[in-house]
Amino acid sequence: EEASAGASAHATDDAGGARDCDLALVGGSGWDVSAWVQEDVRKTEAWLEEQGVPAGVDVREVARKGVVEAVTVALEMFEADASFARFHDEWDGPQPEGLRRVVRESR
């Protein structure tokens, strides 16, 4: 549940407690990154449910990991291409709102 970027957010650990989670792409004052992360997890959970999740799978945990993976892959693609266009075109799943906002507001 950790990804590297500039603003700090609270994420929930496996025990349900809050902990700091770095999501800083470029930082930004006044951004409610915590709310973005929570909404991204909810959207990813809904998307996973639509895909059909096998019984016994912890959808919330998979969604959390998916959000972190999305940000990680986007950063790797950005480092390779100096653009998020490939991520936007190739990512199969909800694209994190926080990532979209950071990209939009950092232009």
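Buried here means under 20% relative accessible area, exposed means over 50%, and partly exposed is in between, using a 1.4 Å probe and protein chains only.

Before going on, a word on the model. This is a predicted model: local features need pLDDT of at least 70, side-chain atom pairs count only at pLDDT 80 or more, and totals for chains, interfaces and linings use all residues. Residues are numbered from 1 along each chain as its sequence is written, and side-chain values use heavy atoms, with hydrogens and water left out.

Back to Glu61. Its partner is Lys65: the two form a salt bridge, with the closest N and O atoms 3.8 Å apart. A salt bridge is a side-chain nitrogen of Lys or Arg within 4 Å of a carboxyl oxygen of Asp or Glu. Both residues lie in helix H2, four residues apart, about one turn of the helix. Why does that spacing matter? An α-helix has 3.6 residues a turn, so residues three or four places apart point the same way. Lys65 is exposed, at 52% relative accessible area. Shared partners then join Glu61, Arg64 and Lys65 into one network of salt bridges.

Now the whole chain. What elements does the protein chain hold? Four helices and two strands. The order along the sequence is β-β-α-α-α-α. Helices (H or I, at least four residues) and strands (E, at least two) are DSSP runs, numbered from the N terminus. Of the 107 residues, 37% count as buried. The chain exposes about 6,400 Å², and carbon and sulfur atoms supply 47% of that. These areas come from the Shrake-Rupley method with a 1.4 Å probe; for residues, only the protein chains shown count as cover.

Next, contacts. A contact means heavy atoms within 4.5 Å. Take the contacts with a separation of 6 or more: residues 24 or more positions apart account for 36% of them.

How confident is the predictor? The chain averages a pLDDT of 73, and 65% of the residues score at least 70. Over residues 1–26 the pLDDT is below 50, yet beyond near neighbours in sequence this stretch has 71 contacts in the model. pLDDT is the predictor's confidence in each residue, from 0 to 100. Where pLDDT is low, the predicted coordinates should not be read in detail.

On to helix H1, residues 33–51. The expected span is 1.5 Å times one less than the number of residues. Which residues of H1 are buried? Val33, Ser34, Trp36, Val37, Asp40, Val41, Thr44, Glu45 and Leu48. Just after H1, Gly52 takes a positive phi of about 90 degrees.

The side chains of Arg42 and Glu39 meet at 3.0 Å, N to O. They are three residues apart in H1, so about one helical turn separates them. Arg42 is partly exposed at 42% relative accessibility. Glu39 is partly exposed too, at 30%.

What links H1 to H2? Glu45 and Arg60 meet in a salt bridge, 3.1 Å from N to O. Glu45 lies in helix H1 and Arg60 in helix H2, so this pair ties together parts 15 residues apart in sequence. Glu45 is buried, at 16%. Arg60 is partly exposed, at 37%.

Now look along H2, residues 59–81. At its start, a side-chain oxygen of Asp58 reaches to within 3.3 Å of the backbone nitrogen of Arg60. The 23 residues of H2 should span 33 Å at 1.5 Å a residue; the end C-alpha atoms are 32 Å apart, which agrees. Val68 also sits in H2. Val68 is buried, at 17% relative accessibility. Its C-alpha atom is 9.1 Å from that of Pro96, 28 residues away along the chain.

Last stop, Ala82. Where is it? In the loop between H2 and helix H3 (85–90). Ala82 has a positive phi of about 55 degrees, although it is not a glycine. At 61% relative accessibility, Ala82 counts as exposed.

Conventions: A polar contact is a pair of N or O atoms within 3.5 Å; within protein, one must be able to donate a hydrogen and the other to accept it, and residues adjacent in sequence count only if both atoms are side-chain atoms.
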